[in-house]
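Subject: A structure for you to look at

Hi there,

I'm passing along a structure that I'd like you to have a look at. Have it open while you read, and my notes on it follow just below.

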Amino acid sequence: MSVVASAGVLALGLAGCGGTTKDSTEAAAGGAAASSASADPNAKIKKGLKIAFLPKQINNPYEKIVDDAGIAAAEEYSGEAKEVGPSDASASSQVSYINTLIQQRQDAILIAANDPNAVCGPLKQAMARGIKVVSYDSDTAKECRHLFINQASSEEIGRSQVRLLADLIGGKGEIAILSATANATNQNTWITYMRDELKKPEYSGMKLVKIAYGDDDDQKSFQQTQGLLQAYPNLKGIISPTTVGIAAAARYISGSQYKGKVVLTGLGTPNQMRKFVKDGTVQKFALWDPKNLGYLASYAAAALASGQITGAEGETFNAGRLGRRTIGKDGEVILGPPTVFDKNNIDQYDF
């Protein structure tokens, strides 16, 4: 999440035809497959669109940055946006909120899914009523949404995290991963690519000994970090690809005997990690611009709800200050590559 354009732009896949009303009984196409209606790229964004952001959990600092940016973007196109969500990140915690948003007749629901399948039933109901569904940050199953706004290439995120840690520990030693929830789509996808990257000959000196789950809870992530370091006394490095996890891990390491001995990297925001970079706890970490992620998701939902796009691969839409964006395979739009932060550049960013 860099504050600048270098952070890249999410790729958004949009399916679902413009013009379908929320009273329609025809089921939405699902996934990245566009419906039978055609897009009207010259259509204007409708005034007064009602859109709702449903994050993994309402008190997640990262999700708050994303959603606030999306809500602000809606003001640019005269829409009405809000954020609602659960206080925990369990698999089924978002279901009741989706049902309520359907009853409220929202034009679009934007969701960062805690579980790719647990939310499918109500999301399909929303689509059948003509409500557009856009996933962002963490995807649902493809048939349960029209678009996925992906912060960066999942493969690049996963592989680059391994490359970053390998560089920091000299390519040798035991390593661990501190993830969010065990069902988080984005986390599991990144970890799959991390595992695959570690199979390459150049990482033969590195051994993944444990994947721990902090459930995107600060205290649990703190405790999981402590547990990893006690259980694996030869641990050389930890990757925490979650903003909650990396901050909690850094807080533990900064006040422990492991500071300067165990390398921590992952995905975090500059503002939460700045003090840990400056005190030497963390050398390097990465992220994209969460503000751009929310902004892009908001404009994608508006374009979808206004009939400018149907979600077909190759369709384009205007994403405000981020310019024209193209829908890729399976309804995915990619924001761009992550930015690496260290002591030399971290003060250039404020988010």
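The torsion about the S-S bond of Cys120 and Cys144 is about 100°, so this disulfide is right-handed. Please keep in mind that the model is a predicted one. The two sulfur atoms are 1.9 Å apart, and the count for the structure comes to one disulfide. Which parts of the chain does the pair link? Cys120 lies in helix H3 (residues 120–128), while Cys144 sits in the loop between strand E5 (132–136) and strand E6 (147–150). The two cysteines are 24 residues apart, and the bond links distant parts of the chain. Both Cys120 and Cys144 are buried, too.

The other thing to look at is a cavity. Searching the whole structure turns up one cavity of 30 Å³ or more, and the volume of the largest cavity is about 120 Å³. Its lining is made up of 16 residues, and the closest to the cavity centre are Tyr62, Asp137, Gln187, Thr242 and Thr243.

Which helices each supply at least two residues of that lining? They are helix H1 (61–76) and helix H5 (185–198). H5 gives the largest share, with three residues.

Best wishes

Methods. Residues are numbered from 1 along each chain as its sequence is written. This is a predicted model: local features need pLDDT of at least 70, side-chain atom pairs count only at pLDDT 80 or more; totals for chains, interfaces and linings use all residues. Side-chain values use heavy atoms; hydrogens and water are left out. On a 1 Å grid over the protein atoms alone, a cavity is a set of points where a 1.4 Å probe fits but cannot get out, and a pocket is an open set with protein on both sides within 12 Å along at least five of seven lines; lining residues have an atom within 4 Å of a point. Grid points are joined across faces, edges and corners, and a volume is the space filled by probe spheres set on the points. Helices (H or I, at least four residues) and strands (E, at least two) are DSSP runs, numbered from the N terminus. A disulfide is a pair of cysteine sulfur atoms within 2.5 Å. Buried means under 20% relative accessible area, exposed over 50%, partly exposed in between (1.4 Å probe, protein chains only).
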